[in-house]
Amino acid sequence: MSRKSPFSRLTIRIMGEKSGNLDLVRGRIVLLVMLFLFFYGAVMVRVVDATIIQGLFDETDSYIGAPQADAGNDEHNSKFRADIVDRNGVLLATSLKTASLHADPKMILNTVDTAKGLVKIFPDMSYGEVLKKLQSEKRFVWIKRNLTPKEQKKILEIGEPGLVFDYDYRRFYPQGDLASHIVGYSNIDGKGQAGIERSFDNLLKTSDRPLKLTIDIRLQHILRREVNEAIKSFTAKAGVGILMDVHTGEVLAATSLPDFNPHAPSSDANSPEMFNRLTLGMYELGSTFKIFTTAALLEKKSFPLSRKYDTTEPVRMAGHTIHDYHPEKRPLSIPEIFMVSSNIGTVHMAQDLGTDSMKKFFADLGLMSKMSFDIDEVGSPIIPSPWREINTLTASYGHGIAVSPMQLIAATSAIVNGGIKVNAHLVKQENEPIASTRVISQQTSLKMRQLMRLVVSHGTARKANVEGYEIGGKTGTAQKNVHGRYDAGKRIATFVGAFPIDDPKYAVLVMVDEPNPNAKSYGYATAGWVAAPAVGKIVSSVGSILGMKPDMDAVDISDPLMKFVSEKGGE
Amino acid sequence: MKKFVLRLSTMMAILMAVLSGVSLFWVSQQVQMLERKQRVIKQQVVSEQEGIRVLDAEWDYLNRPDRLERLAKRYLRSMEQVEPEDILKNANVVPEKPTDIEMGIVPAAYPVSKPKNLTAKRVVRDTPEVKISETKSPNPTSDFQSVLSQIGGIDE
């Protein structure tokens with residue numbers, strides 16, 4: 001019995017008139033079978049390709065991406081903040097991705113062992129507290145924010161599925177406390193709390209381009225070092241230093257000591273290191289104001305420098321008596337008054353000038369109103385109200401009117417740079433604006449520079465002199481007003497000046513709060529002993545960084561004034 | 001009588017359909033593959049950028065002016081801060097390097113060349129007056145220890 005092949009039917013040839021139709025049907029079936037075979041073949045080829053060829057030989061296709069790479073990329077929740085850099089591009093603040101640890105207590109397999117393991121990694125945590133967190137009913141508890149990579153590795157080694165990492169940006173300040181009052185800091189939620197971090201909070205959050213400041217950290221370091229040195233050697237309470245470009249108002253360096261570590265700012269906002277003395281602190285800056293009184297007199301009255309004022313008798317008015325620190329008791333010319341810093345002489349100059357002229361002149365220099373500045377910590381000057389004649393007299397030598405050190409240096413810059421007002425600023429601009437509002441004439445500016453040079457070459461600030469870089473400036477030692485009374489034991493010593501004085505490029509200010517005499521200062525703690533030497537050291541250090549050429553044979557621009565200074569002139 | 005005939009046009013159409021189907025499949029596979037690669041590369045770029053940010057921060061941290069100053073003080077003792085008097089305007093006033101004689105260094109011998117036209121007769125010795133003898137070790141031995149001590153290799 002031979003079985004017939006199942007396909008043998010296909011070989012049967014049906015003859016007849018319907019045979020044509022059958023042929024057609026058969027052809028279609030064959031075609032369909034062919035198509036199916038083809039597609040199965042294609043699938044087979046693809047499977048071989050995907051599993052063997054690509055899967056085994058093409059390594060690059062495997063999954064490499066580190067798990068943290070996609071974390072924290074969520075634009076809206078990310079705490080990313082743009083970098084803050086100094087004028088040379090050195091990082092002052094940057095955002096780096098760090099891991100934070102939280103736990104899902106429901107997923108923890110062994111709470112006791114996990115808590116033990118965590119306490120071993122973080123010795124500052126208490127076992128009981130961690131255990132309590134891990135046993136809570138919540139689905140989310142923070143364990144520790146901002147882990148180091150080492151800590152993260154150790155946690156991974158615990159191998160607990162309920163411990164979850166969260167990746168986000170954290171703010172770092174590579175320069176530490178070097179410029180903390182300028183840069184400021186931001187809190188754990190990525191919100192700016194002080195300085196540039198606060199005033200440019202929105203920009204830093206949305207931009208990805210670094211924000212460039214006018215600060216130069218090399219100069220900042222020198223300034224901070226010398227101000228710190230002055231504070232230490234005179235056991236002072238605090239100090240301020242500023243270095244400014246006199247033509248553009250760029251703040252090249254600014255330090256307020258004590259300062260703070262931006263990674264761990266004090267939680268007490270009133271603690272001394274959190275107080276920005278540069279712009280928020282208002283001080284009666286004493287004799288440095290004689291710069292403005294003298295400039296106003298020379299500008300508005302066009303008196304000759306030889307004009308003399310009698311300083312024999314103290315000035316008495318409205319129950320006040322105005323003395324000189326080192327009374328000369330004779331008529332002094334204007335350069336002599338400026339050089340020996342005579343209060344009485346300056347008061348007589350203010351009387352010549354008149355209240356209105358002086359108030360207007362101070363206002364032109366920006367000393368009478370709150371200054372606009374790139375950070376939010378800016379205070380309003382303390383102006384006598386109402387302003388009586390006695391206030392004019394005391395303001396002429398810097399008492400009874402309190403301004404910030406930043407206002408003082410900006411006003412001084414305007415006096416020495418040829419008479420153009422500058423706007424102090426911290427954020428670098430593409431084309432630094434050259435300010436255009438004139439406050440005094442070129443002529444008066446030159447006379448003021450000569451007078452300021454005289455103070456350093458022959459007057460109260462001789463310790464600020466640096467051979468080669470001609471410095472000019474004015475000292476000011478003011479008694480501090482404590483609860484409405486002037487305390488003779490508490491002083492503020494200030495030096496404000498500019499260099500090189502024949503064509504100033506930079507202004508410099510050092511202020512020391514409550515200095516005490518030290519062994520080397522012969523019982524003195526005045527600006528000439530405290531602030532002036534610090535300025536000298538600063539200028540001799542920054543000169544080479546600023547690319548200045550020292551001129552050892554420079555003609556002292558104060559020489560022409562010597563004819564107005566009598567032989568006895570000195571201290 | 002109709003016979004099953006595969007017309008050329010039908011065959012072409014089927015072929016085209018198959019070809020286009022295959023190529024579509026192939027292209028879409030390629031696209032998926034490239035997209036996956038691109039995703040991986042993008043992740044790599046992001047993580048490299050993060051790495052660069054960390055290195056940048058570390059670089060500026062290590063180059064803090066106070067740290068450099070401390071290191072310079074410790075390791076570069078002969079380097080001091082530039083003082084104004086160290087900077088000179090005119091290169092000609094730079095003091096010349098002192099000569100050996102000024103420094104107290106006496107040269108062992110100068111090469112001597114015979115002057116071309118001598119008026120007076122002078123004897124130029126070819127050999128030095130003092131006889132130079134080669135330094136020889138007093139008792140040359142093949143002992144390894146003594147050879148070592150001759151060349152100063154061991155501390156006595």
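This is a predicted model: local features need pLDDT of at least 70, side-chain atom pairs count only at pLDDT 80 or more; totals for chains, interfaces and linings use all residues.

## The five-stranded sheet

The strands β6(A) and β7(A) belong to an open sheet of five strands in chain A, arranged in the order β7-β6-β14-β13-β12 with antiparallel pairing. At the edges are β7 (251–257) and β12 (472–482) of chain A, each of which pairs on one side only. From one strand to the next, the twist averages 10°.

Between β12(A) and β13(A) there are 11 bridges, again in the antiparallel sense. Within this pair, A:G473 has A:G497 of β13(A) as its bridge partner. The hairpin formed by β12(A) and β13(A) has two residues between the strands, and A:H483 in this hairpin takes a positive phi near 50°.

Helix α15 of chain A, residues 405–416, lies across β6, β13 (485–499) and β14 (506–513) of chain A, and it runs at about 145° to β14(A). Helix α16(A) lies across β12 and β13 of chain A, with an angle of about 75° to β12(A).

## Helix α10 and its partners

Helix α10 of chain A (residues 290–301) packs with helix α16 of chain A (residues 442–457) at an angle of about 140°, and their axes are 10 Å apart. The helices α10(A) and α16(A) are therefore oblique to each other, and their crossing is right-handed. On the side of α10(A), the contact is made by A:I291, A:T294, A:A295, A:L298 and A:E299, while α16(A) contributes A:T444, A:K447, A:M448 and A:L451. Five of the residues in the contact of α10(A) with α16(A) are nonpolar, two are polar and two are charged.

Helix α10(A) also packs with helix α12 of chain A (residues 343–353), here at an angle of about 40° and with the axes 10 Å apart. The pair α10(A) and α12(A) is therefore oblique as well, but the crossing of α10(A) and α12(A) is left-handed. In this contact A:K290, A:T293, A:T294, A:A296, A:L297, A:K300 and A:K301 of α10(A) meet A:T346, A:M349, A:A350, A:D352 and A:L353 of α12(A). The contact of α10(A) with α12(A) consists of five nonpolar, three polar and four charged residues.

## Backbone features in loops

The peptide bond between A:S385 and A:P386 is cis, with omega about 0°. A:P386 is located in the loop between α13 (355–364) and α14 (389–396) of chain A. A cis peptide bond also leads from A:F499 to A:P500, where omega is near -15°; A:P500 is placed in the loop between β13 and β14 of chain A.

A:S302 is not a glycine, yet it has a positive phi of about 45°. This residue, A:S302, occurs in the loop between α10 and β8 (308–310) of chain A.

## The contact between the chains

Chain A supplies 34 residues to the contact with chain B, and chain B supplies 31 residues. On the side of chain B that touches chain A, α1 (8–62) and α2 (65–75) of chain B each provide at least two residues. The largest share of that side, 17 residues, comes from α1(B). By type, the residues of the side of chain B that touches chain A are 14 nonpolar, four polar and 13 charged.

## Confidence in chain A

The average pLDDT of chain A is 86, and 92% of its residues score at least 70. Over residues 61–76 of chain A, pLDDT stays under 50, and the model has 24 contacts beyond four places in sequence for this stretch.

How values were computed. Residues are numbered from 1 along each chain as its sequence is written. Chains are lettered from A and ligands numbered from 1 in the order in which they are written. Two residues are in contact if their C-beta atoms, placed from the backbone, lie within 7 Å. Helices (H or I, at least four residues) and strands (E, at least two) are DSSP runs, numbered from the N terminus. Ala, Val, Leu, Ile, Met, Phe, Trp, Tyr, Cys and Pro count as nonpolar, Asp, Glu, Lys and Arg as charged, and the others, Gly among them, as polar. Axes are lines fitted to C-alpha atoms, for helices over the stretch in contact, and angles run from 0 to 180 degrees between N-to-C directions. Angles under 35 degrees count as roughly parallel, over 145 as roughly antiparallel, 65 to 115 as roughly perpendicular and the rest as oblique. A crossing is left-handed if the near helix is turned anticlockwise from the far one by less than a right angle, and right-handed if clockwise. Two strands pair if DSSP finds at least two bridges between them. pLDDT is the predictor's confidence in each residue, from 0 to 100.
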